[in-house]
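Student: I would like to go through this model with you, one question at a time. Please show it first.

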Amino acid sequence: MSLAQNRPKTEAATAGMEAAAQDRAWEPLIVAFCCNWCSYAGGDLAGTSRMQYPSNIKVIRVPCSSRMNPLFILRAFQRGADGVLVAGCHPGDCHYSTGNYLVRRRLSAFKRLIEFAGLEPERFEVRWISSSEGDKFSEVMREMTAAIKALGPNGKLRDGRWRKIT
Amino acid sequence: MAENNVDYSAKIRGVVAQDLLSGRIDLLLGWEKGHYWWQSRPLFARDQADLERLAWDSFCAVNLSRYLVDELKENKKVGVLLKGCDARALNRLVQDNMVPRERVIAYGLPCPGMLNYAALLEAAAGRKPDGIAEENGQVTVRGGGVELTVPRDRVLLDKCRHCLYPNPVHCDQLLLTPVGERQAPERFSAVQERESLSSDARFAYWEKQLERCLRCYACRQACPYCSCRECFVEQEQPRWLSKASQPSENFMFHLIRAYHGAGRCIDCGECQRACPVGIPLQELNRKLIKDINELYGHYEAGLDPGQEPPLLTYRPDDPAAFSEK
Amino acid sequence: MKQTENHSRFIEEMKERSGQDPACCLQCAKCSAACPVSAVMDLLPHQVIRYLQLGFTDEACKSKTPWVCASCFTCAARCPRDLDLARMMEGIRLVALRRREGNRLNPGELTPEQLKQLPQQALVSGFRKYTK
Amino acid sequence: MRYRYFPGCTVKDQAKNMEETTLAAAAVLGIELEEIPEWQCCGAVFPLYEDEVITLLSPVRTLAKAAGDPVVSLCAACHHILKRAQEVMQRNAEARRKATDFLEVEYDGQGRVLHFLEVLRDDYGFARLGQTVKKPLAGRKVAAYYGCLLLRPSKVMQFDDPENPSIMEEFLKALGAEVVTTPYRTECCGAYLSVTQKQVAEDTVAKILNSAERAGAEVIITACPLCRYNLENCGRTAGKRMPVYYFSELLAEALAVAGTAAVEAGEVRPG
Amino acid sequence: MPRVGVFICWCGTNIAGTVDIETVVETARNFPGVVHTADYRYLCSEIGQDLIKEAIKNEKLEQVVVGTCSPRMHESTFRKAVAEAGLNPFLLEVANLREHCSWVHQDKTEATAKAIALLRAAAAKAVLNAPLIAPRLDVEKRALVIGGGIAGIQAALDIAEAGYPVDVVEREPSIGGRMAQLEKTFPTLDCAACILTPKMVEAAQHPQINLLTYSEVEEVKGFVGQFDVKIRQKARAIDATKCTGCGVCYEKCPTKTESEFEMGLAKRKAIYVPFPQAVPNVPVIDRDNCLYFRKGRCRICEKECPPQAVYFEQQDQILERRYGAIVVATGFDQLNPVEYGEYAYGQHPDVLTSLEFERFFNAAGPTGGKVVRLSDGKPPRNVVFIQCVGSRDKARGMNYCSKICCMFTAKQAILLKEKVPEARSYVFYIDVRTAGKGYEEFQRRAAEQYGVAYLRGQVGKVFPDGDRLTVKGVDSLSGKTIEIQADMVVLAAASVARGDAAQVGRVIGINSDQYHFFNEAHPKLKPVETHTAGIFIAGACQAPKDIPDSVAQASAAAVKAVGLLAKEKLQGEACTARVDQSGCSGCLYCEAVCPYGAISAVQIEEHFRGEKLTRIVAEVNAALCQGCGSCTVACRSGSINLQGYTNAQILAEVDAICL
């Protein structure tokens, strides 16, 4: 396939909306990076307690939210994610004691930067979810999915050579 | 300043000549005139002859600190002429262990701000200027037998118009008398203007800007905080991003380039000045400076080498740009 | 357990309009113990809630209790499950009233002396609560 | 200190002396109560089911008229309803939209809604009141009766500790009276059951007055016309003779404000 | 491209019920590098594991991917299996097809699609897996027990008996904790002191146990096997080596103040031992109340002390020690029911909490063992017990059941009947919960033999009317409202976490639930472990517990600690950070963000145009690194990477999941 024809259009975002409008079947892809000790465990608890949430969420396990390199987030958007979530232990509860304090600064700055570049705030979120908060885990997943569905597919920062905007 | 700065150049030359010829330094980093009268380029002076070419005028925008990293590999001790921004750049490099401070002699040059050729062209109202004269805050542009005088502030480089620290900090020797403190109320106005737009409008704006990017990396080469031995854009393992000049790749490059400067960028604007296609890169850097100052307390990179960069530290009660419910 | 259509509609309405869900009650009966007017109730407050839990909505609506309730909010103030019984009683009253089961207060019953002495607030509220 | 004043129906008729004594006292204390023009009945009951916005209209209209200025009332019921209506306006966006659209007013729940006692406690200050008192009620054994509407639900009313209130006791202390507390001071008097189920009201009132008597009270005060009505009437049938005053009557007496209905009625002994 | 094997677990119907295994296996076949696929009903079973081992041998697999339950559940199981087949255990990736997929989705098509995505990501990460070797770490063969209550004492004794030295840190001047405040214990009614005191003494005299009473833990650093702890030993102002415990000092001391041990029901002196059987039997001077410390005069105790043990100049000592394991047993508090105004607690002297009431039975207690009304000193006739004060209460209290109240109330009702035969007990309850050996029988005895009246309902309000307490309650079973003229009211106030539990947890480095009880690592399978390796919890600091449960949990925690101390070396973290010196520019931002001080600067030599140049780069101490990866983000050039979670691997996962 030639690069040219797949380059996202300038109005990629709006194009996405239209696509969504026509194609009811569109389902957002949301990548959730969860720290192993709190949020991923919270996800396990949600599972053990059978707390349902949309299957749009796909979790990637990282040891600590402070492992989150902003490049991973951009990469996800580039490859077609419609939303990205980073979840970690509540400040003060970090398994590595200080990781999430650093994350709070790093990702606050980064969130504002990509919003400045034109990404809708809802598309990138950071949440603190403890290992005992299975309910919060599923709640956050439901909320995020709903928010992204309302926004429609993401064309911004996306590289058309990968996942198509359906 | 033009006519007087002859003496300035002489004065500077006088001081550094002693150190260079006495062998106190092996090399002096300064400026010399380029092909055009409106260009001053880096000078690498090793002897009297080289020193003769040393020039200090309103076009010495190039940040010399950055050259220290390489020059110190070959030279034991290097002297360097530093404007306000260059001095803060040196502090950053020292803070990042890129430059051993003890092997540098920093000559401080209080800086009235450098001139922007494009602005001069404008001031010349179409005629091709062949030189300028400066006197108490006025710049007179000569060209086609006509002389047009404009206030100096109007023809400054953007980076200088918003400069808060024209006087070099932490120098070994201050060569000229300090200039007055400056205010920069407009520093974040462009950022704020952009912030007021809708997400889509902002995206459209940046997409249009970044479409032009040639991925020549001049911004990176000019930047005093881009001190990596190998930049992430060139890495094969992992391949962070492809070399293709492609919208999402360009976003990725520029967002991360800016993010790598978070809490480290001294706002010297060399990246923007170096950009051949005129992308307003400094806006991205200033956005980060502005937000980090708002969220985590005022911090000016390079001002105080002892102060920890904001992203390397934290306070348990820090605010967040996301919901902590 | 009765699971009538009518019952589930009633519970849904109650949840939606008063934010109160009978299922949250663990029948500690503190409401009944706290109620200043329980003496003249045919069902104690916690029993009314129990009826709702079990699906005996009609029976609950027929009870005198909701009409005796003076909305003094003592039960709500002390309920360990954070239920506002006053709101639930109101719900039952409204259902009954809206079913036009006749008004509970007939102006004729008031003595002229009462009408003279009663604070307006009592008259108005009496009518507001007991009539449609 | 300026406030928008909402009297309410009862205060203009059955409970005239509460208003007169309050206004007289307020004048002495330099508390300006500016009556809200063309005010309407508060609605008398707070709609506990939030599906009917109609019943909220008149309190909301009143609050909207005050446009954010502090609103003060004397009648416990009026205060209760205004305060809770405000809370609905703050919490329930749907109800707010309906109500304001219908009334064609701007209101988003702003402004303080106060009972006059709160003004005395929080704005004027009981300490200062104590100094302004001219005729301390020395030796008068007074019990405070709170009833329901001022205290509950405490989350919304934020008037005082719902089980252990102290505002009226502090108030009485400021007036120099000897405070008598009764455990029944926060129990309901039977409210409008005196209309439909008189017996209930009589029993509850008997409990209240008996315990006040046992505790040695000579006088009992309240801020609610209905409470006063029940305490007096049901008390009488229960053979109780303990005088029931509005808090404001003792206030007027302690400030030696002459010429009030209360004074003429001989309920206040001018010093 | 390495040879990858993919194994899918049905987990009975847990996964297979919602995920179409066949489709998943079919798709997995085409993942890059996959040469073998298989599925099995229970992959974690012996047969299931053999399936993997066989395949590794026969198919010459170099990487293994399993689609099973959460890696937090069985990752270690499968690592072991892989290792037994001769592969490096870290050449295994787990896709969480149960907790994160089949259990949270119902639509089979959706769940199957997601399962495939998760599996694809795991496979993409697996092909980049490299063999890792965990560093072997030393174990400091000494344990620390925080809290000297029954749980702490038991844990300390068990660890000491196993032959390891133990330090016990207790905040109060004596060990003993809550149990020391009790008169008798249910369901056997044997006296608390009679069974506790011997244990306290045994702990004090045990050669392996070192009691640090009147001390607090100020800082915990390090990691499993090597915790570096700072302990503040508060100054008693007594030279313990000289003190004989004769007690003259507190007889003579002129200053009285409220006794904490008696919860303010009785007085103690400014120099005091909290209770007669205190261990150690060495007094403490309470500096806030001592005349000498406040006004600079008195010193009577000093004059009177026969062995001259009083030592006013004594200063706090900071003890710094290394421990291999820590057991946290900091206990619980009883909720202060003053919030519940309707019960008149604090408004009337005869309304008490059950812990206060307990002291009335104790011969050394505030009433010398007589059960009398504080108001008039008369023995009570009617005593009303109110259950669930602050328990099962989401409005004003705790949402949970405090577990022990039903039993101690039955106990107190029985004790009351024995002390005051003519007294009558009324218990207002919501449910009577007596799960435990001999508990139900005990409670029935209270009702049947001791005539305790159980009323199923709550109390609306307690009216302090005159000298009596009018209790207005209800019996929901008969639907009768009930008024009792009571002489005493006893509130079974909720058992709650210590007021400073969250703070303490933070210092120690373990997290707590929304009630500030410390979190166990797994609600069923790791009840005494915490998420921090080497730190264990015991007793009521984890949740409300009675004595048998606390003791059992303490012994369990002790075994865990001993098991750890018994190890010659510990397996360190295998997934540690690693520096690529050629790319490292030596800015050391990684060092700045490392929470473990695992990164430091080293000087290296380089050749540049024939010249020898030295420069500094970062270096990781694998023994200290715990693998959080914070450093990898601080490094702009990606020159420091986290093994097991490398940049390349996470990017590969992202790409695969987005495909």
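Student: Which residue of chain C forms a salt bridge with D:Lys155?

Tutor: First, the ground rules: this is a predicted model, in which local features need pLDDT of at least 70, side-chain atom pairs count only at pLDDT 80 or more, and totals for chains, interfaces and linings use all residues. Residues are numbered from 1 along each chain as its sequence is written, chains are lettered from A and ligands numbered from 1 in the order in which they are written, and side-chain values use heavy atoms, with hydrogens and water left out. A salt bridge is a side-chain nitrogen of Lys or Arg within 4 Å of a carboxyl oxygen of Asp or Glu. For D:Lys155 the closest N and O atoms are 3.3 Å apart, and the partner is C:Asp82.

Student: How many residues of chain C are in contact with chain D?

Tutor: Contact means heavy atoms within 4.5 Å. Chain D brings 42 residues to it, and chain C brings 43 residues.

Student: How many residue pairs are in polar contact between chain D and chain C?

Tutor: A polar contact is a pair of N or O atoms within 3.5 Å; within protein, one must be able to donate a hydrogen and the other to accept it, and residues adjacent in sequence count only if both atoms are side-chain atoms. Between these chains there are 3 salt bridges. With both residues at pLDDT 80 or more, the polar pairs number 6.

Student: Why is α4(D) described as largely enclosed?

Tutor: Helices are DSSP runs (H or I, at least four residues), numbered from the N terminus. Buried means under 20% relative accessible area (1.4 Å probe, protein chains only). The rest of the structure largely encloses α4(D), because its buried residues number 14 of the 16.

Student: How many residues does chain B put into its contact with chain A?

Tutor: Chain A gives 43 residues. The two chains bury about 4300 Å², 63% of it on carbon and sulfur atoms. Chain B gives 51 residues.

Student: Which residue of chain B forms a salt bridge with A:Arg112?

Tutor: Chain B and chain A share 5 salt bridges. In the one made by A:Arg112, the closest N and O atoms are 3.2 Å apart, and the partner is B:Glu294.

Student: Which helix gives the largest share of the side of chain B that touches chain A?

Tutor: Helices α7 (189-195), α8 (199-211), α10 (247-260) and α12 (281-296) of chain B each supply at least two residues of that side. The largest share is 9 residues, from α12(B).

Student: How far apart are the nearest C-alpha atoms of chain A and chain D?

Tutor: Chain B and chain D make no contact, with closest C-alpha atoms 19 Å apart. Chain A and chain D do not touch either, and their nearest C-alpha atoms are separated by 20 Å.

Student: Is E:Gln626 buried or exposed?

Tutor: E:Gln626 touches residues including A:Tyr96 and E:Phe223. Its side chain reaches the backbone oxygen of E:Leu624 at 3.2 Å. With 18% relative accessibility, E:Gln626 counts as buried.

Key. Buried area = accessible area lost by both parts, 1.4 Å probe. Buried < 20%, exposed > 50% of the residue type's maximum accessible area, 1.4 Å probe, protein only. Lists of a residue's contacts leave out its neighbours within four places in sequence.
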